[in-house]
Amino acid sequence: MSGIQILAFLGGLVGLGATFCATLSNEWRTTSRASSVITATWVLQGLWNNCAGNAIGALHCRPHHTIFKLEGYIQACRGLMIAAVCLGFFGAVFALVGMKCTKIGGSDQSKARMACFAGVNFIFSGLCSLSACSLYAHRITSEFFDPMFVAQKYELGVALFIGWAGSILCVLGGGIFCFSVVDSSTRSSSRTGYSYGGPASTSHVSSHPRGNAQPMSQRPPPKYSSSSRAQHFDKNAYV
């Protein structure tokens, strides 16, 4: 179980790093070479900057001047990616405390709760990142295949694929954490039922009755000696 939790922690940590890199990347979308007149120059756009590069290797970036002029889907993607990074960070902290191989976190019950909470955080982090990347990609593809759209068309950038990969790793890591906690609790409950219930305990109680008493049918008949019979039938017995 500790090995499974370590594997889930590494998956969630790598997914968190990929989500963080995708959030800061400037390659969420790039200009389409097929629709561009000057193929030696291209434009890169991210959630925070707009960049322009050429074949020489020069790259010039400028940030978005104000958030009020940004389109709604970009602001929504910003919020979702920030939420994904925050949830993944707290999930990593709780996972580090709740894993069985660590010496912090208190009792086994509290560590199991921590591990389950970490798994839920990783799952929500992956879902937020997946929603942001899918929303951005849907906007790009809808504009690219729209024949009435006459502005500059863009293609999917590298950051979207990194974000998708990170979200999948976070969801898998969180799911493994949750299932490991459920599996361990199920095993502990089954062991408890076997130790303290069932026919074994019944036979144990019946074989050691209280006071070592025997039932009436199994008691041997009393033995009377001649002296006891004489004493029983003497004259003092009738007074």
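In this tour, a residue is called buried under 20% relative accessible area, exposed over 50% and partly exposed in between, using a 1.4 Å probe and protein chains only. The model on display is predicted, and its local features need pLDDT of at least 70, side-chain atom pairs count only at pLDDT 80 or more, and totals for chains, interfaces and linings use all residues. Residues are numbered from 1 along each chain as its sequence is written, and side-chain values use heavy atoms, with hydrogens and water left out.

**The whole chain**

Begin with the entire chain in cartoon view. It holds six helices and five strands, arranged along the sequence as α-β-β-β-β-α-α-β-α-α-α. These elements are DSSP runs numbered from the N terminus, with helices (H or I) of at least four residues and strands (E) of at least two. Of the 239 residues, 31% count as buried. The chain exposes about 15400 Å², of which carbon and sulfur atoms supply 67%; accessible areas come from the Shrake-Rupley method with a 1.4 Å probe, and for residues only the protein chains shown count as cover.

**Colour by confidence**

Next, colour by pLDDT, the predictor's confidence in each residue, from 0 to 100. The chain average is 78, and 73% of the residues score at least 70. Confidence is highest in helix H2 (residues 72-98), at a mean of 93, and lowest in helix H5 (residues 199-207), at 41. Select residues 192-217, where pLDDT stays under 50 and the model has two contacts beyond four places in sequence; a contact means heavy atoms within 4.5 Å. Residues 224-233 also stay under 50, with three such contacts.

**The annotated segments**

Select residues 80-102, 114-137 and 157-182, which an unreviewed UniProt entry lists under "transmembrane region". UniProt positions are given in the numbering used here, feature names are shortened, and annotations may be inferred rather than shown by experiment. Residues 80-102 are 83% helix and 0% strand, with end C-alpha atoms 31 Å apart. Residues 114-137 are 100% helix and 0% strand, and their end C-alpha atoms lie 35 Å apart.

**Along helix H3**

Phe124 belongs to helix H3 and is partly exposed, at 47% relative accessible area.

Move to His138 in helix H3, which is exposed at 55% relative accessibility. Its C-alpha atom is 9.7 Å from that of Leu156, 18 residues away along the chain. Then select Glu143, also in helix H3. Is Glu143 buried or exposed? With a relative accessible area of 12%, Glu143 is buried. Neighbours within four places aside, Glu143 is in contact with Arg29, Phe149 and Lys153.

**Last stop: Leu47**

Finish in the loop between strand S2 (41-45) and strand S3 (49-54), where Leu47 is found. Leu47 is buried, at 0% relative accessible area. Beyond four places in sequence, the contacts of Leu47 include Trp28, His64, Met81 and Tyr136. Ser25, 22 residues from Leu47 in sequence, is 7.8 Å away, C-alpha to C-alpha.
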